[in-house]
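Subject: A structure for you to look at

Hi there,

Here is the structure I promised to pass on. Please open it next to this email and follow along as you read.

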Amino acid sequence: MSVKFSVIIPLYNKAAEIERTLRSVLAQTKQPYEIVVVDDGSTDNSAEIVRAISSPLIKLICQENGGECAARNRAMSEASGTYYALIDADDVWKPDFLAEMAALIEEYPSCGLYCSAFDIINTDGRHPSNSPSERGVVEDFFAESMTRYVAIPSASVIPAEVVERVGGFPVGMRLGGDQYMWVKIAREYKVCYTPLRLTDYYMAASNRSSAIYRAESTPYSFEEFYDEARPSLNEYIARVELGKAIVISAKGGREDAARRLRFYAYNRQSRKLWWRLRIMNALPTTLRRWFHTTYTYLAWKIARRGL
């Protein structure tokens, strides 16, 4: 089987990180077919840093700012490989990431998404992701993803023919665009996974998200995925949307968060998340931000101690 990896990198104001990311891609034991970087209207010198790296594999495309999903879609449309290997412009691959993805594809050729475990890098140091321990096809992606990380963009590969069939990332969706894509794929295809931690995900990297609320301008919604015949899918989209709503509420989007509270009240496995959002959304905006920051910090500390 011919596996040609087109590496897909959306780039926006990551001058401090993009060289590190590209060096990790170029250091792969299995070299990619090409590296497609879409600079999405950066206002710093990110594009200049990419141009300064001398490699015939790198293809830089510059466009006006359209958001991360639009940048990923543009990169995939300009790519000519048979598999799209995703990585954000502030994360890093271990040298054997593409080699392991190629091995998974050879062993499980009919899957729609291939993923690896990863390490989380933040101000507290390096931490292994809470991910499955078994290698191979994930029995139920949605049920598994309720409690453990199966897929994140920087540790995922999608066959080009799958993107052609299900479509690309949801343009205009500011939060959860990757999970939206995973739902589209996992409804129709199996997901394959390796427990090898082959990606470093940098939580503290610059510009992970804006602190100011801006309503999403997109025709896409997780609500369209609701299916009475698939309870694990419904629980998954509820968890994703409630998580989004907490961030939205903290930034000031009370009404947007309240609508999600109403729609996803059906959930059974994310009741704590639902109640957390309900309590938080009733607070004044300044207190909502404090509540969210404090809760997140304490939850991380407790999780690290295994309490």
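In helix H9 (residues 254-263), the buried residues are Asp 256, Ala 257, Ala 258, Arg 260 and Leu 261. Buried means under 20% relative accessible area, while exposed is over 50% and partly exposed is in between, with a 1.4 Å probe and protein chains only. Helices here are DSSP runs of H or I with at least four residues, strands are runs of E with at least two, and both are numbered from the N terminus. The cover over the buried residues of H9 includes H8 and H10, where contact means heavy atoms within 4.5 Å.

Before you go further, please keep in mind that this is a predicted model, in which local features need pLDDT of at least 70 and side-chain atom pairs count only at pLDDT 80 or more, while totals for chains, interfaces and linings use all residues. Residues are numbered from 1 along each chain as its sequence is written, and side-chain values use heavy atoms, with hydrogens and water left out.

Now to the helix pairs. Two packed helices are described by the angle between their axes and the distance between the axes. The axes are lines fitted to C-alpha atoms, for helices over the stretch in contact, and the angles run from 0 to 180 degrees between N-to-C directions.

Start with H9 and H10: their axes come within 10 Å and cross at roughly 145 degrees. This crossing is left-handed, a word used if the near helix is turned anticlockwise from the far one by less than a right angle (clockwise would be right-handed). On the H9 side you will find Arg 254, Ala 257, Ala 258 and Leu 261, which meet Trp 274, Leu 277, Arg 278 and Asn 281 in H10. By class, that contact has five nonpolar, one polar and two charged residues. Ala, Val, Leu, Ile, Met, Phe, Trp, Tyr, Cys and Pro count as nonpolar, Asp, Glu, Lys and Arg as charged, and the others, Gly among them, as polar.

How do helix H8 (residues 231-251) and helix H10 (residues 271-281) cross? Their axes come within 10 Å, at an angle of roughly 20 degrees, and H8 and H10 are therefore roughly parallel to each other. Angles under 35 degrees count as roughly parallel, over 145 as roughly antiparallel, 65 to 115 as roughly perpendicular and the rest as oblique. The crossing of H8 and H10 is left-handed. The contact of H8 with H10 has eight nonpolar, three polar and two charged residues.

H8 has another partner to look at. Helix H7 (residues 177-186) and H8 have axes that come within 11 Å and cross at roughly 170 degrees, which makes H7 roughly antiparallel to H8. Gln 179, Trp 182 and Val 183 in H7 meet Leu 233, Tyr 236, Ile 237 and Val 240 in H8. That contact divides into six nonpolar residues, one polar and no charged.

While you are in H8, find Lys 251. Is Lys 251 buried or exposed? Lys 251 counts as buried, at 16% relative accessibility.

Asn 122 is found in strand S6 (residues 113-122) and is buried, with a relative accessible area of 15%. His 127 sits in strand S7 (residues 125-128) and is buried too, at 11%. A polar contact of 3.4 Å joins the side chains of Asn 122 and His 127; such a contact is a pair of N or O atoms within 3.5 Å, where within protein one must be able to donate a hydrogen and the other to accept it, and residues adjacent in sequence count only if both atoms are side-chain atoms. The side chain of Asn 122 also reaches the backbone nitrogen of Asp 124, at 2.9 Å.

Happy exploring!
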